[in-house]
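Please open the structure in a viewer and keep the selection tool at hand. The stops below proceed from one selection to the next.

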Amino acid sequence: MNNHQILLVEDQEDIRMLVREVFETSTLNYTLHEAGDGIHALKLLETMTPSITILDVMLPGGITGHDLCQYIREKHHSSQDQPCIIMLTAKGQRADREKGLALGADHYLTKPFSPIGLIGLISDIIKAQVRMGN
Amino acid sequence: MHSKFEQVISIGCPSAEQDCSYRPEDCAASSRLLGAITSLQGKFIEQVPQHILFNDILQHLLQLTSSSTGFLAESLSDAAGNDYFKIQALAGIDSDKQGKSFFELHAPIGMEFDASNSMFRTVHEGKVIIQNNDIEKKQPSGHPELQRFLGLPVTSGGQVLGMIGLANGTSDYEEKMATFFKPLLNTCGDMIKAWRLNRWREEAEQDLHRHAMVFNNISDGVLLTNTLGIVIDANHSAIKMLERPLDAMVGRSLATLLSPDLHAMMEQGLQKVACNGRWSGKIALQGQDGHQHIFDVSSLYLDGVVRNDCLQAWFWRDITEEVQALSQLEQRTLELGALLDFSPVGYVYIDTTGKVAYVNPAFTQMCGLESEDVTGNTAIELESKIQALYDESELPSYLSQRERGALRITRPHFAILHRSSRSFRLPNNDEGQMLCFQDITRDVEVDRLKNEFLSTAAHELRTPMASVFGFSELLLTRTLPIEKQRQYIEVIHRQTGRLAEIINELLDLARIDAMEGKDFNISTTQIEPLLKSALDELLIKGDERKLKLQIQTPLSLVRIDPSKLNLVLTNILSNAYKYSFGQGDIVLRAFNTEQDGKFWVALEVEDHGVGMYQEQMDHVFERFWRADASGNVPGTGLGMALVKEIMDIFKGRIELKSDIGIGTRVKLWLPVSNDENQDE
């Protein structure tokens, strides 16, 4: 089974810990990379290509989750295997959701969220990616 | 019409040898004449119709003169003063030839003929016409039945009132016949005169009646006075207006009927009319109903109406309602003007010709377009002037979307206007249009801020909630070692505390917003003890740092709410703590100072922490803004917003200085209590 590269960009330490913990209790074969802001996330993205990226929208330091989402989509625009992007944000208004999806997010989750639901969604995505021969 | 009869008369033929029954010496004739006169007078008294009497007269004359035909014409004048005769009766004895007499055929009743013709002028002058034509001179084409003609004037009191024409006597007519018939002709003249007078009287009565009807039924009051102002007559309306019966007015001076203050006015009216025939003025009278009535009075000189005196007519018209309506209209116009002048809504009135007729001051101020710039403009010209007030490049940066249906202008200053218009039909059926411009800039801005705040507040509440929800879900669904469980519960506990903190501070802010300080217990306070207790509350166990308090004594008294000042100090001091990450001392200084001619107590909190960039400092007082948004530094982002609100209510000031890596200094200025300011 492949080792799935997963990137989590989230400024709140507690939420990062929550995601980390729920992954630990799962049976997935994964490597979780964490970034607390956009600059750190960009650095990570230079060295690795995550199959799944979980993005918070509001991030310190000027680079937002929206910027990162656009960056990933542009970087992979010619590639057949599009990495999956999940937005995980407290911005819950309809306009926010529409903007996120328009920028290329595959899934839009609002806080508070179910960690069990999140891990379920990720395992579904992985299964689908495996079927596609990834 | 006249000529035909003239022709008829002129072709009269001389008589044949005919027996004439007339004999002036004949006693029988005299007695018949007397009988005829007596009978006529009797019938006249019995009021036998005029035409029957005329006929009787003719019959008597035909018999007395042995004439075969005759007419009776009345002398009249037309409007131009031309005299003429009008045939009023006809008679014929031997009308056997064609069943009708000559006059019936050629000069019927009602026919008029000119009295200026030489022949009739003779009669009109009171003389007799006699034509006894010679039978030999008879013309073959003539009228043999009119061989002899006698024209007799009918007079009364020397005035010719008519003529009687007799023809075809059996013998020649003689001059002395006229003398003989004079009593009968005079009787006939008297009758005509009497009828005429009677007719005139009836006509005059009818005229008078008609005039009286008009006089009494017109709504204007009419008073007639002589030139001395003595009332001669008044119509019904005048009686009603002056509230006096006619007999209480007639014979009295018009001036004395009115209150003394109006006498001079009446006198002036009399004089003016005497000078130039006309005068008008307004008179106010107190009615018996207690209300004041206003009359428009005009006076006119009626020359030659009454012999030996002149009449003056006074026309009274009650204009109370008109005056009231006018004054109401004036008042309404003033009210409306004031309303339009002071209204914050901009109004533009486009008149029935489609041009701008009026703009109110609010519009002028809103759009910077002066009244004279747009008055007379068409609606399209106005629109293009308004459009020219918008320049996209001058828009404030935070605005990107256009408000639906709203009008934006950037000159003279940025504004969002809500435009509406209303057309209305004027009494003359034309249409006018009022354009309304409402400045909704503030509403839009408040709405935007409210939405932004709500969305931010929701976001800030969702973040700690995500931890609480997530970790509790893990605790519920996963079997975890006891240390993990404890770790999770710690997170839940911490984040719940944060939620409570956010909610409390939100409520504090909302309360200050809503109450605008009305719930503050502001009193003149000595703040030294407050400063000490605020510091004590903040001491953190195990923290090596020192809190230094430097107070200049004695500090002036300030007007504050102690609990709110404590909240301010706690927020600023805790920020100083949080953002110095365990390094450097924190100093709280308090001292009296003077600035801008006012006395203040300054509180200065200085830390040696991380400091802020200028860009960060610009946002410090925004709600939910955090210098460190990572969640590693506790806080809600509402503290400094609260500090700002409270300081505003204290009428204080906040000064912020910060250098990256060196530290931050927050200076609060509290105004010294007024009593003390006045003392000094």
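Which residue of β2(B) stands opposite B:S75? The residue is B:F85.

Before continuing, note that this is a predicted model, in which local features need pLDDT of at least 70, side-chain atom pairs count only at pLDDT 80 or more, and totals for chains, interfaces and linings use all residues. Residues are numbered from 1 along each chain as its sequence is written, while chains are lettered from A and ligands numbered from 1 in the order in which they are written.

**Stop 1: the strands of chain B**

Select residues 69-77 of chain B, strand β1, and residues 83-92, strand β2. Helices (H or I, at least four residues) and strands (E, at least two) are DSSP runs, numbered from the N terminus. β1(B) and β2(B) pair in the antiparallel sense over 9 bridges; two strands pair if DSSP finds at least two bridges between them. Together β1(B) and β2(B) form a hairpin with 5 residues between them. In the turn, B:G81 has a positive phi of about 90°.

Of the 10 residues in β2(B), 7 are buried (20 or more other C-beta atoms within 10 Å of the residue's own, with C-beta atoms placed from the backbone; exposed means 12 or fewer, and partly exposed lies in between).

**Stop 2: an exposed alanine**

Select B:A194 in helix α6 of chain B, residues 176-217. Is this residue buried or exposed? B:A194 is exposed, because 12 other C-beta atoms lie within 10 Å.

**Stop 3**

Turn to chain A, where 5 strands form an open sheet with parallel pairing, in the order β2-β1-β3-β4-β5. Its edge strands are β2 (30-35) and β5 (107-110), each pairing on one side only. From one strand to the next, the twist averages 20°. Select β1(A), residues 4-9, which 6 bridges join to β2(A). A:V9 stands opposite A:A35 in β2(A).

**Stop 4: two helices of chain B**

Select α14 (residues 441-477) and α15 (residues 482-515) of chain B, which pack at an angle of about 155° with their axes 9 Å apart. Axes are lines fitted to C-alpha atoms, for helices over the stretch in contact, and angles run from 0 to 180 degrees between N-to-C directions. The two helices are therefore roughly antiparallel (over 145 degrees; under 35 counts as roughly parallel, 65 to 115 as roughly perpendicular and the rest as oblique).

**Stop 5: where the chains meet**

Finally, display both chains: 21 residues of chain A are in contact with 21 residues of chain B (C-beta atoms, placed from the backbone, within 7 Å). On the side of chain A that touches chain B, α1(A) gives the largest share, 6 residues. Select α1(A) with α14(B): their axes come within 10 Å and cross at roughly 25°. These helices are therefore roughly parallel to each other. Their contact includes A:L18 and A:V22 of α1(A), and B:G470 and B:F471 of α14(B).

Notes:
Two residues are in contact if their C-beta atoms, placed from the backbone, lie within 7 Å.
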